[in-house]
Amino acid sequence: MTNAVGRSVSRKDGIGKATGQARYTDDLTWPGMLFGRTVRTTAPGGRIAGHRLDFDPAGFTVVDHRDIPGRNVVALLQDDQPCLVEEVFRHSAEPVLLLAHESREALHAARVKLEEAPAEPVFDPEQSPTSFKDILIEKGDLEAGFAKAAHVVEGTYRTGHQEHVYIEPQGVVAVPEEGGIAVYGSIQCPYYVHRALTELLGSAVSHVRVIQTETGGGFGGKEEYPSMIAGHAALLALKAGRPVKMVYDRIEDMIATTKRHPSIVRHRTGLSADGKLLAMDVAVIFDAGAYVTLSPVVLSRGAIHAAGPYRCPNVRIDARAMYTNTPPNGAFRGFGAPQTQFAVEVHMERIAETLGLDSVKLREKNVLRPGDTTATGQKLGEDCSAKAVLKEAVKRSGYRRKRKAFAGTGRGIGLALYWHGSGFTGSGELKLGSRVTLELTPTGAKILTSSTEIGQGTRTMHAQIVADALGIPYERVEVPMPDTGIVPDSGPTVASRTCMVVGRILQRAAEDMRATLGRMTPEEYYRTHGPLSVTKQYEQPDWITWDEERYRGDAYATYAWGCDVAEVEMDPDTWTVRPLRLTVVNEIGKAIHPALAKGQVEGGTAQGVGLALLEQVVMRDGAMANPELTNYLIPTTLDTPPMDVHLLENPYGGGPYGAKGLGELPIDGPAPAIVNAIRQLGLDLREIPAVPEAVMEAACASG
Amino acid sequence: MRFRVNGKEVESEAHPMARLLDVLRLDLGLTGTKEGCGEGECGACTVLIDGNPVCACLIPVAQAEGTEIVTIEGLGEDHPLPQAFMDEVGAQCGICTPGMVMAAVALGPKPSLAKIRTGLAGNLCRCTGYEAIYRAVKRAT
């Protein structure tokens, strides 16, 4: 029998996604189903003085905060965000009232007058009086490091909001069932929604069941927000006693849901005369928006990655997530790391310019190697591949030759080196305590996890791991869609953990099952002994230590590594920067399914191109002023350059077959690589998106 | 209005200004055609009208009078494009895929890479970075 791992086997999704047979949330319908709608604030904070329904209420279900039977919170980290505004509100597009009706036309024709008494908003995170989270990472003696420095280079770097633009907007259907409620939806983390509904509905329901439907993209955008929309649909469904579908249109999705945190990162770096890093002082500010949501953990990942993949004996990283009166920012592929790595990689380029060094040589001199320690004091093992990806990317792209050839032309070439921690930070995985179940079937095995397939290939990749560990053909492994009524809590589908962490637990479960089966096939065992089920829980590698208070220790079990080389061309009349080619080298431990792995890298890279050059959220009075795909631009076929993607494999012993996390890694590199390529044109650009206006300003400032 | 959908005669009593997308999805139950933006930018609702790819969210059904419409469901089981999209991982989350496939059908046989890129420029995909889609189209056509 051929191994499944390492081969690009047929996807478990089947053909349905390409023939239109796959059923997404908006394709589902129930008898007697109503449609739901949300009435939202328009001011960026204030007080609701009252409201008036300017329509005939016959046939309508109307819900406000008084209809909430449990706690009025969207349960997550700090439970500070209400599901529906009671009186005080903190941002525009905050939900106040819910309406449902069987006719979508009648529903959207209904007029509601909200009386808002606005309060003075704060939009500048640097002026905000409130921090949701402060993190301080300290290593060595910073002042002693600066005292020895021959050069000190400083700089400030900024990144903007980014909208996920999953092509399927947020949507759920809530269906009352036998005293309880079932919610079907486009979601990444069924158990997050389950917990939020349990808090919200309290004893009004006998049970809560959350079922993932086929999901049209997530990228972090369907990590926490589905708890909000699911709560709304459930409240309407319980009051109406009928199923309620809520699907946002694109505009509502863009004005109301989370975005990538904007950032301001200041670097002050001391170096020896020959370019060795001696001291790195990094101050990170993230704009969190109006509620805590996931900002503390986004900030945490941003902070830990802020010194880049470099060794430096003396480091201070001071990071804060600030309250502002905009809709809360949240999880987005990369989870804070793209922002801080943009800053450090553009800063490294500026250091090279200041010292008159070749920037590749500067990186080679300082790059993390096995045995080195990171800013948190984590000692890296042989699975550290920073130097290897740098070398390979420089070679494959012809960087040195092109750097010379492009000089003085309208073209530029730039590079960025990056890393991404796999799985939850620190002791996060231990706290999650993820579980998986493997069931023997009459012909093979069935995987029960809450890990969701959102396009990245979860079901396929998990089935490959189980097939090989159990020694059965891949085709005999079934992977149903998650239903919290059936599957155990395997943790959320986030943080590049689904292959490395959940996949590893599945591998252990399959090995256990194989031990029970002995030399029998599943058919033989099932016939003789009947059903068999194995449940396994996450076990933390015994060498991991983490001090949550001091931010010291093994921040991640392992890291994946990447290096991007971007080639760009600028139109001197329009200041438009066009990416010509991207070379991407990613080291991911082991590619379980090479084609899917490559797809993650290509897709993440394209999203990074958008982050770098196109995607600009215009905020006006705390609200997104361009909430349409007409004026919020993501890369089309014509904006996405050809990519040369090359995967390296340096196995991590704690991952299934050596696999590390992969999903987020590729979005860390394109933006700094592209901006560093623009720098070769003589433009001192330190912010993204590098839209023509920003490029022109940089050109004027650079003289 | 009378028109043909996937070879079958349809008589629609929808409001003439109803979106063709809603008539297809809600009245005819053809949910393979997806809504991504409702403003003709993402192409997830691409169908063929008299052989031309259009966004069904922008077409009032009155405009479909007398035309021949093909949706993803009308492509037939043996069409090579859907299988090529799955094999090459040109579909990840899959929500753009039916529209992308219909736009690819309209490219005709053996399109060049330049023609593929131009022909699919009205169809947004957020998952793949398009490279796998080019591989799929090349494989199937």
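Mentor: Let us begin with a definition: two strands pair if DSSP finds at least two bridges between them, and strands are DSSP runs of E of at least two residues, while helices are runs of H or I of at least four, each numbered from the N terminus. This is a predicted model, where local features need pLDDT of at least 70, side-chain atom pairs count only at pLDDT 80 or more, and totals for chains, interfaces and linings use all residues. Residues are numbered from 1 along each chain as its sequence is written, with chains lettered from A and ligands numbered from 1 in the order in which they are written.

Trainee: OK, how many bridges join β23 to β24 in chain A?
Mentor: Strand β23 (residues 559–570) and strand β24 (residues 577–587) of chain A run antiparallel and are joined by 10 bridges; A:Val565, for instance, has A:Thr583 in β24(A) as its bridge partner.

Trainee: And which sheet order do they belong to?
Mentor: The order is β16-β23-β24-β27 in chain A, an open sheet of four strands with mixed pairing, whose edge strands, β16 (411–421) and β27 (643–648), each pair on one side only.

Trainee: Switching to chain B, how many of its residues are in contact with chain A?
Mentor: Counting residues as in contact if their C-beta atoms, placed from the backbone, lie within 7 Å, 37 residues of chain B are in contact with 41 residues of chain A.

Trainee: Which helix gives the largest share of chain B's side?
Mentor: That is α2(B), with four residues; α2 (80–87), α3 (97–105) and α5 (131–140) of chain B each supply at least two.

Note on methods: Two residues are in contact if their C-beta atoms, placed from the backbone, lie within 7 Å.
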